[in-house]
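Subject: Structure for you to look at, with notes

Dear colleague,

Here is the structure I promised to pass on to you. Please have it open beside this message while you read the notes below.

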Amino acid sequence: MLKIENINVFYGLVQALWDISIEVPEGSIVSIVGANGAGKTTLMRTINGIIKPKSGKIIYNGIDITGKDSNYVVSNGITHVPEGRQIFPKMSVYENLEIGAMFIKDAWEKRKETMEFVFSLFPRLKERINQAAGTMSGGEQQMLAVARALMGRPKLMLVDEPSLGLSPALTLTVFDALKKANKEGVTILLVEQNVKKSLEMAKIGYVLENGRIVMKDDGKTLLANPHIKKAYLGV
Amino acid sequence: MNTFIQVLVNGILQSGTYMITTLGLALAVGVVGILNLAHGEFLMVGAFLSIIFYTVFGIDPLISILIVSLLILLLGIGTYKISLKKVLDSAEVNQLLLTFGISIILQNIAVLYSGSKEVMVINPPYRDLSWNIEGIGISFSKTLVFIIALILVITLFYILNNTKVGKSMRAVEQNRYGAYIVGINADRIFKIAFGVSVGLAGLAGVMLSIILYATPFIGFNYTLKAFAIIMMAGMGNLRGILWSSLILGIIESALGTYVPGGTGWSEGIFFFIILIILLVKPEGIFKK
Amino acid sequence: MKKFLQIILTIIVVSMFVSCGKGNKIVMGALIPLSGPGAAVGIGTKEGMDLAVEEINASGGIYGKKIEIIYEDDGNNPKQAIAKVEKLLGKDEVKYLIGGMASGVTIGIADTVKNYKPIMAWIGAASRFAEEKYADADWFFHYHPWEYYNIQSTADFFASTGAKTIAILFEDSAFGSGGSALAIPMFEAKGFKIVVKESFKSGSPNFTPLLTKVKAANPDILYVICYAADVIPLMNAVKELDVNPKLIYPVPPAWPAEFASMPISEYVAQLNFWTPDFPYEETKKFNEKFQKKYGKMPVSYWQPLGYVNIISLAEAIKAVEAELQKEAGKKYSDEEYKQKVIQALANQNLDTPFGKLTFKPSQKIKYQGFTNWLTTQFRKGKLEIVFPTEYKTADLVYPAPKWKDRQN
């Protein structure tokens with residue numbers, strides 16, 4: 001579904017990603033793990049179209065989306081649960097969800113249906129449907145960010161650090177929702193601090209260190225890897 | 001008592017112009033994130049265009065008002081595309097310098113056009129029309145401005161809350177990064193917001209050409225007052241702009257009538273208020 | 001080597017031409033407001049000056065020497081004016097400083113001008129503080145009447161109407177504050193009661209609060225010291241609020257051109273130094289010349305005043321040059337020449353659109369030109385002279401009809 005070929009990404013003159021190649025098969029969950037500052041969020045932003053790579057290609061469903069603006073990328077069915085949630089604080093839960101579907105034609109037409117679906121995943125959001133998003137707790141906002149991304153009826157969903165700052169119970173809810181969405185056919189590219197959980201769910205895992213891919217394997221194998229165990233699982 | 005009512009009426013009507021100008025600036029500052037020092041100059045261009053339409057083509061300002069506002073909207077989009085786009089993300093200083101430069105350019109073009117005429121006036125038949133109700137003088141054209149201002153506030157409110165474009169603008173204003181994430185075409189939104197922003201200024205300018213006159217230098221005063229009102233109302237707060245304009249209009253009127261030497265103060269009062277608010281409640285005094 | 005010589009030669013030849021050129025011109029430096037709130041005045045002045053220069057140069061100049069004016073814009077700003085006058089006197093080295101409008105500027109440049117002591121033929125400044133500054137200058141020729149002349153004329157006129165109360169509004173710079181400070185005691189001395197005394201910032205268009213106050217005080221006469229840009233918003237607010245003094249009397253140094261044709265101008269009276277309807281032969285001649293060159297009639301007194309500024313100075317220079325012509329080879333030193341021109345001006349007796357021009361001492365200076373003022377009233381778009389009665393072209397309408405009683 002998504003093929004990233006040898007991209008090099010810069011912030012101004014400073015290089016952040018070197019020669020990154022990643023493949024996300026359709027219908028799968030792919031995890032990217034790495035320490036803070038390894039470049040995970042940079043990668044997500046690049047796929048989303050907010051940053052443009054200096055070289056290399058990003059191919060999505062056969063379309064070359066390299067260097068295209070974010071509104072183009074999104075309208076083709078890639079949504080993003082960003083790091084830090086980035087919800088619209090003065091808009092209500094309803095308006096935030098609605099905006100997730102606003103710029104994708106198919107999603108907009110089916111928005112009522114989709115909203116029912118996300119409420120089934122996150123009943124708490126339904127309770128707070130008219131509340132200003134900025135007044136909700138961190139956990140609730142995170143659920144909102146995931147729900148908003150789902151409102152786009154994405155074919156590919158980029159998920160960046162969803163469990164950051166969440167209680168274990170909420171983390172479970174969120175990951176459950178991701179699994180359910182995946183079952184409904186949403187391909188997921190996941191970046192997570194919680195290495196154990198994310199590699200458990202993942203079909204394929206990539207390890208990103210200092211802007212470079214250093215390992216690629218299926219999730220379970222990576223979990224058993226001694227380097228991973230030492231560096232990321234604190235074993 | 002009569003005087004008191006007249007003071008209130010004067011203040012309320014005067015606030016109409018402030019409302020329209022400030023609404024425009026609020027869009028530029030809030031949605032596009034541009035500190036547009038040239039805002040008042042677009043008002044001035046509106047006034048000039050209205051006068052040109054009247055003197056050269058014989059079209060009454062109340063009819064040309066839509067065309068003029070549209071022309072200035074297009075001028076705004078053009079200005080955005082050519083110059084402002086490039087400083088959107090740079091330091092505020094660059095924005096201030098750039099918009100200041102634009103204001104100087106517009107002023108000079110106006111000076112060239114008006115030549116030796118210090119003041120350009122037109123005389124449509126309803127210019128001096130006013131009503132006298134129980135000794136209170138109410139100007140027709142100022143009342144018109146006030147009504148137009150209210151209509152604009154309501155319309156803007158509707159658009160921002162019930163249309164895709166409007167919601168996109170609010171989203172961009174509240175979280176620009178989030179707006180990119182959900183696929184909003186930010187460039188398109190900025191273009192539209194900036195165009196509407198200065199289009200509103202131009203509209204106010206047309207009304208001003210009826211109430212007052214056009215000179216190349218009328219713009220700056222309104223820019224400053226609009227900034228003051230935005231600070232008082234708080235960012236993104238439409239209703240706040242309405243109330244702040246009313247309050248400041250009435251204070252200005254009361255100072256000018258009741259306080260000896262008050263008109264000198266009334267300019268200063270706007271800036272005194274900004275200062276106090278910045279120190280005490282920087283997010284504005286009106287609740288959203 | 002060849003190239004070097006060519007360059008040197010060119011420089012020598014060019015500078016010879018340049019210095020020769022200097023000798024064949026009479027250069028005057030004009031400091032007038034060409035931008036800012038006084039621009040209407042400055043531009044009018046320039047029109048009058050250009051007309052005079054064209055006229056003189058077309059008939060061969062002054063014994064073959066053409067007049068050239070270097071115009072500098074003071075922006076009605078003393079700081080800017082000082083820089084410009086320094087340029088005219090220091091860099092351009094002009095021997096004649098002409099023009100002028102604002103008292104503030106005239107006062108501001110005084111110290112700089114006194115360093116150079118040019119012949120200053122000045123058509124601006126009415127404030128007695130400006131007069132004080134030049135009290136010791138025997139190279140200073142003042143054409144414009146001092147404000148105490150105006151105020152005396154105004155007070156006399158007001159007294160003739162039978163009015164009892166006056167409301168005064170004045171702009172807050174030297175012009176307005178100085179004028180009102182002088183006017184109020186003079187009016188009170190004539191027995192008038194001042195019911196409102198308020199300042200405002202010129203160019204700030206909202207007069208409704210002030211006029212609400214004036215309306216409450218219900219004065220017989222509304223006297224306003226302002227600039228051209230203030231007139232229309234002032235009168236608009238008067239009408240809007242239905243303020244009905246028996247007479248409205250604004251005294252801007254110039255009026256906006258379109259004001260006369262607006263209905264709100266009707267019955268508005270003012271002090272006037274000059275109108276195109278003045279009963280002098282020179283007025284008619286000036287109108288014709290002006291109309292011919294600019295395709296429009298003159299509208300403010302600054303246009304003929306700028307004209308007279310040049311004509312008068314040129315006449316004096318001509319008298320000195322005539323002397324030089326009589327004795328071939330005779331030369332005066334710069335200082336002698338200057339003193340001769342001063343003498344010629346001091347003895348001048350010239351017919352102008354304002355009447356006769358002679359220079360006599362005023363309260364503080366040696367050479368004061370014009371002193372007389374008339375009161376005019378707008379009637380159906382025309383200015384009628386109403387006071388003093390021996391010059392009148394129409395009867396004064398006092399009290400002016402209330403707004404609701406007027407046809408328009």
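This is a predicted model: local features need pLDDT of at least 70, side-chain atom pairs count only at pLDDT 80 or more; totals for chains, interfaces and linings use all residues.

Residues are numbered from 1 along each chain as its sequence is written, chains are lettered from A and ligands numbered from 1 in the order in which they are written, and side-chain values use heavy atoms, with hydrogens and water left out.

**Between the chains**

Of the 2 pairs of chains that touch, chains B and C have the most contacts (a contact means heavy atoms within 4.5 Å). Chain A and chain C, by contrast, are joined by no contact, and their closest C-alpha atoms lie 38 Å apart.

Where chain A meets chain B, 21 residues of chain A are in contact with 20 residues of chain B. The area buried between these two chains is about 2000 Å², with carbon and sulfur atoms giving 60% of it; buried area here is the accessible area (1.4 Å probe) that two parts lose on being put together, summed over both. On the side of chain A, the residues that lose the most area to chain B are F88(A), K90(A) and F103(A), which together make up 28% of what that side buries.

There are 3 salt bridges between chain A and chain B, a salt bridge being a side-chain nitrogen of Lys or Arg within 4 Å of a carboxyl oxygen of Asp or Glu. K167(B) forms a salt bridge with E98(A), and the closest N and O atoms of that pair are 2.6 Å apart. Helix 1 (40-48), helix 2 (70-75) and helix 3 (93-101) of chain A each supply at least two residues of the side that touches chain B (helices are DSSP runs of H or I with at least four residues, strands are runs of E with at least two, and both are numbered from the N terminus).

**Chain C as a whole**

Chain C contains 12 helices and 15 strands, and its C-alpha trace spans about 85 × 45 × 40 Å along its principal axes. Among the contacts in chain C with a separation of 6 or more, 70% come from residues 24 or more positions apart.

**Individual salt bridges**

Over all chains, a search of the whole structure finds 34 salt bridges. In chain A, the side chains of E200(A) and K196(A) meet in one of these, at 3.3 Å from N to O. The two residues are 4 residues apart in helix 9 (residues 195-201) of chain A, and are therefore separated by about one helical turn. E200(A) counts as partly exposed at 38% relative accessibility, and K196(A) likewise counts as partly exposed at 47%.

In chain C, K340(C) forms a salt bridge with E323(C), the closest N and O atoms being 4.0 Å apart. This pair links distant parts of the chain, with K340(C) in helix 12 (residues 334-346) and E323(C) in helix 11 (residues 302-326), 17 residues apart. K340(C) is partly exposed, with a relative accessible area of 30%, and E323(C) is partly exposed at 33%.

With best wishes

Terms used:
Buried means under 20% relative accessible area, exposed over 50%, partly exposed in between (1.4 Å probe, protein chains only).
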